[in-house]
Number of protein chains: 2
Amino acid sequence: LRPLSEYQKLVEEGIQQLKYPSRPHQLYDPVQYMMSLGGKRIRPVLTLLAAELFAGDAAAALKPALAMEVFHNFSLVHDDLMDNASLRRGKPTVHTQWNMPTAVLSGDVMLVLAYDLLLGVPTHLLKEVLELFNQSAKHVCEGQQMDMVFESAEEVSLQQYIEMIGLKTATLLAACLKMGALLGNASYEDQELLYRFGISIGTAFQVQDDLLDSYGDSSKFGKAIGGDIAANKKTYLTLKAFELADEGQRTELQKLFSANDLKVEKKISRVMDIYNALEIKRHTEEARDSFYNEAMECLHSLKGISDEGKKMLAAIAEDLISRQK
Amino acid sequence: LRPLSEYQKLVEEGIQQLKYPSRPHQLYDPVQYMMSLGGKRIRPVLTLLAAELFAGDAAAALKPALAMEVFHNFSLVHDDLMDNASLRRGKPTVHTQWNMPTAVLSGDVMLVLAYDLLLGVPTHLLKEVLELFNQSAKHVCEGQQMDMVFESAEEVSLQQYIEMIGLKTATLLAACLKMGALLGNASYEDQELLYRFGISIGTAFQVQDDLLDSYGDSSKFGKAIGGDIAANKKTYLTLKAFELADEGQRTELQKLFSANDLKVEKKISRVMDIYNALEIKRHTEEARDSFYNEAMECLHSLKGISDEGKKMLAAIAEDLISRQK
């Protein structure tokens with residue numbers, strides 16, 4: 001096993017060596033642009049690591065690992081368009097830098113390019129790899145659709161919310177891990193355990209992300225505190241607050257989340273007062289820890305991975321969850 | 001061999017039996033809607049027919065054939081969005097019936113569903129089938145991008161235009177034929193001949209489509225004559241006219257295609273006068289016939305198909321080209 005930074009280096013080099021057709025450049029320039037925006041490359045790293053944790057070879061897993069990163073970036077291009085987001089990693093999003101049609105079409109071709117990379121797996125694994133990939137791709141679309149539906153939905157349950165972040169965020173992390181396990185010839189049981197580890201860790205990660213928006217250290221977190229509240233976003237915190245609120249608090253929350261005439265600082269501080277009264281921070285931490293513990297249980301049950309390997313996975317999990325806690 | 005109508009029936013039944021996940025219905029309703037709008041289903045029919053023209057079995061080729069139809073409909077959903085078209089087969093387009101995000105995401109999931117269907121091919125053919133599909137999918141994206149670029153381009157050559165319609169329209173027809181040949185265990189040479197047959201026929205078809213817009217019988221064609229001229233669309237006719245025009249005609253064409261103050265009937269009739277003076281109808285027919293003849297040459301060179309089979313393909317080609325001539 002190598003240090004994580006080496007896997008990251010492999011991925012970065014792999015991305016730089018990806019060749020796109022040169023024409024029409026209006027189609028492939030945005031692909032190049034998006035792939036070079038950087039990021040932690042956590043998904044392909046998970047695939048490489050998982051492959052090596054079993055009997056696999058990271059070099060042989062590189063193409064499918066890059067497929068997962070290209071897929072992730074495809075979904076970002078289209079999500080940014082659908083959400084009308086103007087910035088991604090501090091740079092203009094594709095539809096902002098170019099236009100709507102370019103974002104649609106360059107995203108489409110990225111999805112095809114991801115499938116191209118998947119064709120690099122050993123032939124006897126191709127069908128299984130594609131089944132895993134297709135299932136995950138559909139889940140990501142389903143999660144994004146649910147997220148959009150929730151925006152205008154009157155009532156969303158915590159259970160629905162957990163399902164949505166499972167599909168939208170956790171599925172792809174889980175699929176990256178399982179893809180590596182599959183390429184490393186892991187047993188079916190270990191593949192499933194690693195998948196469930198990924199779902200739980202991905203869910204814990206998203207819950208933590210929600211928590212940081214209201215309770216993070218803004219200097220470390222890099223975003224202003226309360227952004228989700230200001231944007232009326234339904235998060236674990238909001239939904240838990242509605243669940244626990246008494247009649248009066250519920251009415252006030254509803255008023256706050258539909259008020260147009262309120263200063264944003266005032267709105268955030270009044271919502272936070274209710275959060276505090278309901279101990280939302282503690283409840284959210286408990287939910288996060290519960291998903292985290294589920295992940296650790298899966299990790300411990302894995303049969304084909306050394307203790308050293310489990311420690312590496314645990315360290316990644318810890319890092320994902322506790323970043324800027 | 002069976003009559004074409006039987007292949008069409010097989011395809012229609014196959015489409016009706018396609019199962020989509022039930023949730024979230026906001027994602028899959030538009031998929032169902034789009035797939036049920038009908039159309040000639042020419043692409044999957046070509047795959048089934050090509051498979052049976054060789055040693056293949058149409059039933060065994062059904063899933064990949066449906067994959068081509070789902071892909072085609074994916075591209076229509078996204079093209080309609082990019083071109084801001086409001087009607088498709090007389091019904092509201094997906095982004096009109098729903099909205100932009102739904103059209104993006106339902107289109108995306110259709111592309112994944114196409115790959116799902118491709119997994120139904122025999123395992124030993126899977127990689128080849130996917131390579132063919134990926135290549136065609138990229139070509140379709142590239143053709144659509146070129147088409148959009150041409151809209152605002154000052155100068156487009158006839159050669160560039162032929163390349164564009166080859167990528168945007170002819171590639172998929174050619175890929176459907178080659179897919180069938182591949183599934184029918186055709187020789188590599190016959191696969192390539194059938195592919196080239198498809199490219200030539202697809203190109204002839206698009207040139208004929210351009211011709212009908214200006215010289216068709218509007219009562220049979222179902223569209224008003226001169227729609228392309230009214231919309232300043234660059235077609236084979238426009239580009240040929242610019243190529244053949246003398247200084248004065250070129251200046252007048254440029255004026256006509258940038259005038260805002262001209263009544264549309266007047267604009268069409270004045271452009272048509274120039275077309276007539278330059279014998280654009282004859283030139284376009286010659287181009288169409290030249291592509292058609294290329295296709296027939298490929299057809300005659302095929303080794304693994306009976307004369308009866310070649311006659312069926314020739315009849316389809318004839319039908320595609322001469323519809324409402």
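Reader: Where is Glu279(B) found?
Author: In this predicted model, Glu279(B) sits in the loop between helix H14 (264-277) and helix H15 (280-301) of chain B. Helices here are DSSP runs of H or I with at least four residues, strands are runs of E with at least two, and both are numbered from the N terminus.

Reader: And what is the phi of Glu279(B)?
Author: Glu279(B) has a positive phi of about 55 degrees although it is not a glycine. Most residues other than glycine have a negative phi.

Reader: Does Glu279(B) count as buried, partly exposed or exposed?
Author: Glu279(B) counts as partly exposed because its relative accessibility is 42%. Buried means under 20% relative accessible area, exposed means over 50%, and partly exposed lies in between, with a 1.4 Å probe and protein chains only.

Reader: How far is Glu279(B) from Ala241(B)?
Author: Their C-alpha atoms are separated by 8.8 Å, and the two residues are 38 residues apart along the chain.

Reader: What about Asn232(B), where does it lie?
Author: Asn232(B) is in the loop between helix H11 (227-230) and helix H12 (236-244) of chain B. Asn232(B) is not a glycine, yet its phi is positive, at about 55 degrees. With 35% relative accessibility, Asn232(B) counts as partly exposed.

Reader: Where does Ser306(B) lie?
Author: Ser306(B) belongs to the loop between H15 and helix H16 (307-322) of chain B. Its relative accessibility is 39%, so Ser306(B) counts as partly exposed.

Reader: Turning to peptide bonds, which one is cis in chain A?
Author: A cis peptide bond joins Arg23(A) and Pro24(A), with omega at about -10 degrees. Pro24(A) lies in the loop between helix H1 (4-17) and helix H2 (25-35) of chain A. Most peptide bonds are trans.

Reader: And which peptide bond is cis in chain B?
Author: In chain B, the bond from Arg23(B) to Pro24(B) is cis, with omega near -10 degrees. Pro24(B) is in the loop between helix H1 (4-17) and helix H2 (25-35) of chain B.

Reader: How many residues does the contact take from each chain?
Author: The contact takes 38 residues from chain A and 37 residues from chain B, where contact means heavy atoms within 4.5 Å. Of the interface residues of chain A, 97% are also interface residues in chain B, so the copies meet through the same surface.

Reader: What area is buried between chain A and chain B?
Author: About 3600 Å² is buried between chain A and chain B, and carbon and sulfur atoms give 71% of that. Buried area is the accessible area (1.4 Å probe) that two parts lose on being put together, summed over both. In chain A, Leu105(A), Leu119(A) and Gln145(A) lose the most area to chain B, together 16% of what that side buries.

Reader: Which residues have the most contacts inside the largest nonpolar core?
Author: Those are Phe197(A), Leu313(A), Phe197(B) and Leu313(B), in a core of 238 residues. A nonpolar core is a set of buried Ala, Val, Leu, Ile, Met, Phe, Trp, Tyr and Cys residues joined through side-chain atoms within 4.5 Å. Leaving aside residues up to four places away in sequence, Phe197(B) touches residues including Leu177(B), Met296(B) and Leu313(B).

Reader: How many helices and strands does chain A have?
Author: Chain A has 16 helices and 2 strands. Of its 325 residues, 58% count as buried. The C-alpha trace of chain A spans about 60 × 50 × 35 Å along its principal axes.

Reader: What conventions apply to numbering and to the model?
Author: Residues are numbered from 1 along each chain as its sequence is written, and chains are lettered from A and ligands numbered from 1 in the order in which they are written. For this predicted model, local features need pLDDT of at least 70, side-chain atom pairs count only at pLDDT 80 or more, and totals for chains, interfaces and linings use all residues, while side-chain values use heavy atoms, with hydrogens and water left out.
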